Amino acid sequence: MTEVEARSATNRLHDQLEAIVEVLRRHEDDLLPAASQAQLRQQLDELHPADIAFILESLPLDERLAVWQLVKADRDGEILLEVSDAVRESLIADMDRHEILAAAETLDADELADLVEDLPTAMLPELMAGLDAQQREQVQSALSYEDDQLGALMDFEMVTIREDVSLEVVLRYLRRFDELPAQTDKLFVINHDNLLTGVLPLHWLLVNSPDKMVSEVMAPDVNTFHPTDDAYEVAQAFERYDLVTAPVVDERSHLIGRITIDAMVDVIREEGESEALSRGGLREEEDIFASVWASLKNRWSWLAVNLVTAFVASRVIGLFEDSIQKLVALATLMPIVAGIGGNSGNQTITMIVRALALNQITAESAKRLWRKELTVSLLNGLMWGGVIGIVAWLLYDSVSLGLVMTAAMTLNLLLAAFAGVGIPVLMTKFGRDPALGSSVLITAMTDSGGFFIFLGLATIFLV
């Protein structure tokens with residue numbers, strides 16, 4: 001899809017959202033008449049589950065539930081998989097037992113495993129009892145792994161073939177399928193003991209002579225993963241090697257499932273969203289239309305930290321009240337030092353958190369990064385500190401004030417670089433998420449440090 005096509009699809013989706021909102025607004029205080037319900041049902045029937053999920057996430061709770069009741073029951077399961085965790089919780093809370101069971105019936109084992117954790121605990125025995133033995137085993141297998149492990153995302157639908165048959169036999173075998181599992185770009189080759197021996201890409205199957213044996217054509221060296229592998233690291237491997245699917249094997253190389261590109265795209269998106277939320281100090285994804293209390297619980301902890309750091313910064317300023325009273329220009333210039341330091345620190349910490357997520361930083365490279373970032377900050381400080389120093393000199397007719405401004409800017413940028421590398425590296429060393437509250441911490445350090453450096457230098461050299 002080109003950029004223009006993607007923009008057009010996005011615009012169409014927003015137009016559909018606006019049309020649905022308009023229908024709901026016209027009957028805000030009344031029940032939707034039958035004609036309006038039929039209109040909305042028709043609109044929803046034509047949309048992809050992901051688009052319906054977007055619309056549901058974009059509506060306040062009352063309107064969301066009104067639209068949710070109009071979705072066809074046989075589409076509930078796939079839509080629940082597409083919405084965010086917070087929105088899924090609100091939708092499931094509005095469903096009765098029969099609706100939940102009906103939604104679960106439409107899902108494959110790996111999809112059902114994604115949904116089970118959000119379902120009422122009392123329903124799980126009844127839900128599991130409705131599965132056949134194979135499905136039950138697959139769901140239990142997926143649930144036995146942590147959310148960030150590959151086993152929790154495995155797909156059990158795949159096509160396996162034997163290495164001792166001809167390509168013609170394989171082609172006849174494939175024609176017996178009504179359709180191949182989604183994302184099938186290769187067939188998995190196994191032996192009599194279900195050990196993975198290779199893969200047969202579909203395009204190799206098509207371009208080779210039907211008389212050839214699978215063992216002659218297959219690729220024996222494949223990218224294989226284990227169910228205990230970290231899902232994000234596997235997603236990076238998918239990106240690195242341009243994979244569409246890959247086999248998942250146990251410690252004895254028995255084929256137990258596969259992983260697909262759509263699952264890995266979800267992992268990358270969720271990791272990016274989680275990192276963005278963590279940098280702002282949010283503990284979890286929040287429904288934008290959540291209750292005041294739910295939002296308050298999600299946000300209060302790092303705001304409390306921010307309040308403490310802001311108080312510390314204010315006390316730093318308080319130490320230099322006499323200096324500020326004698327030279328009022330200090331009050332107008334000190335936010336510049338702190339603000340530029342905060343921006344520079346956030347640039348550094350963003351780069352380091354990303355590098356840590358990609359496992360690009362070692363103990364030795366961390367030292368080199370410190371040297372590099374300190375050098376960049378020194379040069380930026382001298383350059384932009386010099387610019388603002390000249391401005392301060394011209395505004396207040398004081399060469400000394402301009403020099404203090406340059407020195408303070410340079411030193412605060414050096415502090416920002418040191419903290420920007422140090423904070424995420426230390427958090428990783430102690431087993432914490434390096435992105436968690438990183439923006440809050442770096443801003444606190446550059447604010448307090450910037451005020452102290454600037455006002456301290458001014459007190460020594462100007463007052």
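T446 touches A338, G341, G342, N412 and A416, leaving aside residues up to four places away in sequence; contact here means heavy atoms within 4.5 Å. The model is a predicted one, in which local features need pLDDT of at least 70, side-chain atom pairs count only at pLDDT 80 or more, and totals for chains, interfaces and linings use all residues. Residues are numbered from 1 along each chain as its sequence is written, and side-chain values use heavy atoms, with hydrogens and water left out.

To stay with T446 for a moment, this residue is found in helix α21, residues 438-461. Helices (H or I, at least four residues) and strands (E, at least two) are DSSP runs, numbered from the N terminus. Is T446 buried or exposed? T446 counts as buried, because its relative accessibility is 0%; the classes are buried under 20% relative accessible area, exposed over 50%, and partly exposed in between, with a 1.4 Å probe and protein chains only. A polar atom of the T446 side chain lies 3.4 Å from the backbone nitrogen of G342, and G342 is also among the residues that T446 touches.

UniProt, in an unreviewed entry, annotates residues 374-396, 402-427 and 439-462 as "transmembrane region". Its positions are given in the numbering used here, with feature names shortened, and annotations may be inferred rather than shown by experiment. In the model, residues 374-396 are 100% helix and 0% strand, with end C-alpha atoms 30 Å apart. Residues 402-427 are likewise 100% helix and 0% strand, and their end C-alpha atoms lie 37 Å apart.

T362 lies in the loop between α18 (329-357) and α19 (363-396). With a relative accessible area of 48%, T362 is partly exposed. Its C-alpha atom is separated by 41 Å from that of F320, 42 residues apart along the chain.

Now the overall division. The chain is assigned domain 1 (12-144), domain 2 (160-279) and domain 3 (292-461), with bounds from an automatic or database domain assignment. The centres of domain 1 and domain 3, taken over C-alpha atoms, are 46 Å apart.

R88 lies in helix α6, residues 85-93. R88 is buried, because its relative accessible area is 7%. Which side chain makes a polar contact with the side chain of R88? The partner is D85, at 3.0 Å; a polar contact is a pair of N or O atoms within 3.5 Å, one able to donate a hydrogen and the other to accept it within protein, and residues adjacent in sequence count only if both atoms are side-chain atoms. Beyond four places in sequence, R88 touches L80, L81, V83, L115 and D118.

Next, the sheets. An open sheet of 3 strands has the order β1-β2-β3, with mixed pairing. β1 (160-162) and β3 (196-201) stand at the edges with a single partner strand each, so one side of each is left without a neighbour in the sheet. From one strand to the next, the twist averages 35°. Helix α11 (residues 167-174) packs on this sheet, touching β1, β2 and β3, and its direction makes about 150° with that of β1. Axes are lines fitted to C-alpha atoms, for helices over the stretch in contact, and angles run from 0 to 180 degrees between N-to-C directions. β1 and β2 (residues 186-190) run parallel, joined by 3 bridges; strands pair if DSSP finds at least two bridges between them. R162 stands opposite I190 in β2.

Finally, the "domain: CBS" feature, which UniProt lists in an unreviewed entry for residues 218-274. This span is 44% helix and 19% strand, and its end C-alpha atoms lie 39 Å apart. In helix α14 (residues 231-241), the buried residues are A231, Y232, V234, A235, Q236, A237 and F238. D230 caps the N-terminal end of α14, with a side-chain oxygen 3.0 Å from the backbone nitrogen of Y232.

In strand β4 (residues 245-249), 5 of its 5 residues are buried. T245, P247 and V249 lie on one side of β4, and A246 and V248 on the other. β4 pairs with β5 (residues 255-260) in the antiparallel sense over 5 bridges, and V248 has G257 as its bridge partner in β5. The two strands form a hairpin with 5 residues between them, and S253 in the turn has a positive phi of about 70°.
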